[in-house]
Amino acid sequence: MGGVVSSHLDEIKREMITARTREVMKEFGQIYEQQYAVSLFNSVRYEIEGGGGTQSQLLHRKDPLAGRCIFSGNLFQYLQVNRKWRNRFVHVPHTYNISLYESKAAHQRSLHPKLTINCAGYKALDSMEEYTELMTSSLPEIKGKASSSPLIKYPGEHPLILWHPYAQHHHFCVMTEKEQKKWHAVLQDCVRHCNNGLPEELTVQTPAFTNAIRLYRQTKGHYGTWDMMCGAPPQILAHLVMETLNPELRQLIGPRLRGKLQQRQRDWMLISDAVFRQVLAQTTNQYEALVQSCEAQKPQLDAALRTDMDQIITSKEHVAGKIRALVMPKAEQLLRTSVQPYVSSILEALMDPTSRGFSEVRDVFFGELVEMSKNSLNGGDQEKLGEHMERLSMLAFHPVKMQNCYDKVEQLNLEGLQQRFDVSSTSVFISRAQILMREQMDDSVYTFEQLLHQSLESQGEEDLCKSIQRCQDRVLKKYDYDSSTVRKKFFREALLQIIIPYMLKELSPSCSPELPRFKELIFEDFSRFLLVDTMFEEVVLQSVSKDIMMAVKEAAVQRRHNLYRDSIILTNSDPNLHLLGENPAVDWASKFGSDESDGTEGGGAQGDTTKRRRQVVSMIQLDGLPLSYESFMEVPGVELIPEEGEVKEEEEEEEEEDARMPNSPDSVNEIRTLINPVVEMVVPVSEENQSSQSNGTEPGSGTITMDDGAEEEVTHVVTMVDDGQRKSQVLLKQLVENRKPDGTQEIDALVQGGHNHHNESDAEVALTKDSAFHDDSSFQSATNEGLSEGEAQLLTNGLSGGKKTLDAAEVEVIF
């Protein structure tokens with residue numbers, strides 16, 4: 001295989017690749033240096049003037065994956081060298097880089113992995129048909145005699161493939177459809193995380209880099225979105241180089257490849273990977289040198305900005321006004337004819353799947369809390385609470401449980417609009433929406449953790465179910481508001497990403513030749529911070545921003561979109577909550593877990609025998625458990641985090657158990673008939689209850705008063721029931737007390753909290769009386785009724801709604 005690469009990539013071609021990379025990096029570097037000064041100006045101006053923004057109601061933790069292993073398990077991997085399949089132990093740390101080891105023992109001994117995969121730019125596939133289609137579109141059009149044998153022969157019918165347009169492809173295999181779905185979700189999560197853009201905390205480097213990439217591609221005639229804006233800056237730059245270099249290499253090397261079609265495809269994959277690795281090495285070194293050069297000039301530029309900020313702003317406004325007079329008439333004409341008729345269609349296509357995804361996030365979170373409350377009612381001890389909270393804390397990073405949420409957004413389709421506005425694909429918007437969904441889930445979980453911990457510290461664990469319900473209600477209200485704010489921001493950004501490139505492409509031929517004359521209006525000392533090309537783009541953005549804001553605002557008043565109005569602002573509505581955000585994360589395992597060791601031997605990557613088990617978010621295997629299997633065919637789901645199939649099996653077992661339990665209304669009446677004579681012998685009935693019975697009222701509607709020692713007699717009667725009928729014991733004792741079971745009351749209120757989640761609370765009550773709201777599905781939307789346009793009105797989390805009661809079927813499921 002190495003001979004194929006060396007024979008087609010000789011010294012001359014490698015020098016050509018180096019020269020092309022240096023050429024691209026030189027041109028990019030010039031643009032980056034200009035944009036670095038502009039981004040520094042914008043950052044310092046924002047710092048001096050300050051900028052408002054909607055305050056998040058949920059708490060946010062900066063590093064939720066610190067010290068955690070994400071997931072691990074066994075897979076079969078295809079080795080390109082000898083074309084063999086080998087069993088590998090797969091371990092994914094918090095960085096989401098996939099590490100493959102010879103065995104789990106090798107990982108525990110801290111040996112180097114056989115392979116580490118950075119998933120930036122990859123696509124996770126689960127079918128050979130999709131892989132073949134991508135191969136045909138991305139590889140050179142090689143003509144040759146096709147073989148009847150496939151490109152790669154899989155040992156099973158359930159493949160898993162990591163595909164990259166330039167880098168090496170990775171092939172895995174499982175034998176069951178269930179395991180394929182699990183691992184596909186895992187691989188998708190790794191790709192999603194590695195493609196998650198650049199760090200926002202780098203307020204100068206990140207905007208400078210993204211603007212430089214966009215402007216460089218515009219000079220080459222590419223104005224639309226770009227799928228390969230993935231990974232760290234050196235990786236993105238390598239993709240940028242390969243975008244122009246790869247077609248050139250196809251023409252040079254493609255005709256020289258020999259053999260059958262499948263063999264030629266294999267050879268080209270190896271050659272493309274070798275080229276990509278060479279380019280990546282160069283872009284890494286050259287980008288680091290570029291950043292160091294710009295950072296060295298930052299103190300001098302920063303001092304000049306702070307000294308002359310007022311003059312720079314005045315100069316910019318003057319020049320921007322001149323450019324606006326030139327551009328706005330043309331931009332408005334283009335808006336009326338080619339943009340405005342399609343804004344509502346684009347927005348509708350974005351809103352529907354995105355809102356369904358956020359709604360599913362809420363449902364998953366609410367379902368976990370209901371399950372926790374049911375466990376607490378069934379007598380769960382502290383250790384059970386600790387285990388459940390540990391699992392809940394990493395819910396946002398559980399790929400299988402979040403997959404249903406992600407699937408909703410996958411349905412996003414722009415249809416004909418995609419070609420009209422030069423949108424290469426919707427993957428950019430889908431990936432961004434999924435990341436926002438994960439962040440909202442983690443913020444909700446973290447806020448619930450802090451609230452519950454505070455409640456347990458102050459009130460203890462006597463009314464655990466009620467504490468969970470109160471915390472749940474507060475978090476769901478805040479989630480509804482935050483998710484609306486996040487979605488509206490996402491819609492605005494997506495519309496800008498679609499429309500602005502199209503307008504720039506249409507306006508540049510007529511406007512760009514006129515821009516150089518505006519440079520004369522800028523002082524030389526300010527020329528590094530004020531670029532006419534940048535101001536031209538800002539004017540175009542301003543021309544379309546009003547239409548986009550109006551479109552999103554109109555959609556916010558439509559009930560089916562579940563969005564809040566922009567005029568409804570929550571500012572510091574819960575200051576005590578934000579104080580909790582400064583507290584460290586709660587270690588539920590050490591607080592409520594047992595002190596017993598899990599038996600993990602030392603020497604692992606994160607081995608710690610003092611803890612009950614490691615912090616692992618895995619639906620494949622807990623690291624602390626012994627590996628009793630070596631084949632991927634035997635890898636089970638984690639017992640502590642049941643999957644879809646496991647949940648169904650548990651429900652079937654519960655239904656069989658419930659069939660033997662007296663849960664139905666008829667059974668309750670039979671129990672009441674059987675127990676009443678015992679109650680009459682043991683519990684003296686008060687005069688009030690006697691009078692109510694004599695008046696024909698329903699027995700049990702009054703209050704039974706127990707004499708001294710009567711409760712002990714009742715307890716003795718109840719304990720005579722078979723120990724295996726624990727649920728019946730609770731129900732019997734509650735029927736003796738002639739009141740609705742506490743558990744049913746709490747579950748009733750809990751379910752009500754999910755569907756009627758805007759209840760009035762605390763100091764927020766008075767503010768809800770002036771607004772009218774409606775309930776749709778799982779979100780709450782505000783209407784325009786009773787509110788004047790532009791009125792700044794404080795909205796609280798306490799929004800009222802209709803009460804939901806439990807019917808007999810729901811009571812049966814709960815108990």
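1. A salt bridge here is a side-chain nitrogen of Lys or Arg within 4 Å of a carboxyl oxygen of Asp or Glu. The model is predicted. By this rule it holds 21 salt bridges.

2. Asp442 sits in helix H12 and Arg61 in the loop between H2 and strand E1, so the pair ties together parts 381 residues apart in sequence. Asp442 counts as buried, at 3% relative accessibility. Arg61 counts as buried too, at 9%.

3. Glu537 pairs with Arg214 in a salt bridge; the closest N and O atoms are 2.8 Å apart. Glu537 belongs to helix H14 and Arg214 to helix H6, so this bridge ties together parts 323 residues apart in sequence. Glu537 is buried at 15%, whereas Arg214 is partly exposed at 29%.

4. Arg88 forms a salt bridge with Glu102, at 3.4 Å between the closest N and O atoms. Arg88 lies in strand E2, and Glu102 in the loop between strand E3 and helix H3. Arg88 is buried, at 6% relative accessibility. Glu102 is partly exposed, at 43%.

5. Glu47, Asp302 and Arg306 are linked in a salt-bridge network.

6. Helix H2 spans residues 11-49 and reaches 55 Å from first to last C-alpha, close to the 57 Å expected. Gly50 follows H2, with a positive phi near 80°.

7. The largest nonpolar core has 166 residues; Tyr32 and Phe448 are among those touching the most other members. Helix H8 gives the most to this core, with 39 residues. A second, separate core of 14 residues includes Trp85 and Met269.

Key: Residues numbered from 1 in each chain as written. Predicted model: local features only at pLDDT ≥ 70, side-chain atom pairs only at ≥ 80, totals over all residues. Heavy atoms only, no water. Helix = DSSP H or I, 4+ residues; strand = E, 2+ residues; numbered from the N terminus. Expected span 1.5 Å × (residues − 1). Core = buried A, V, L, I, M, F, W, Y, C linked by side-chain atoms within 4.5 Å. Buried < 20%, exposed > 50% of the residue type's maximum accessible area, 1.4 Å probe, protein only.
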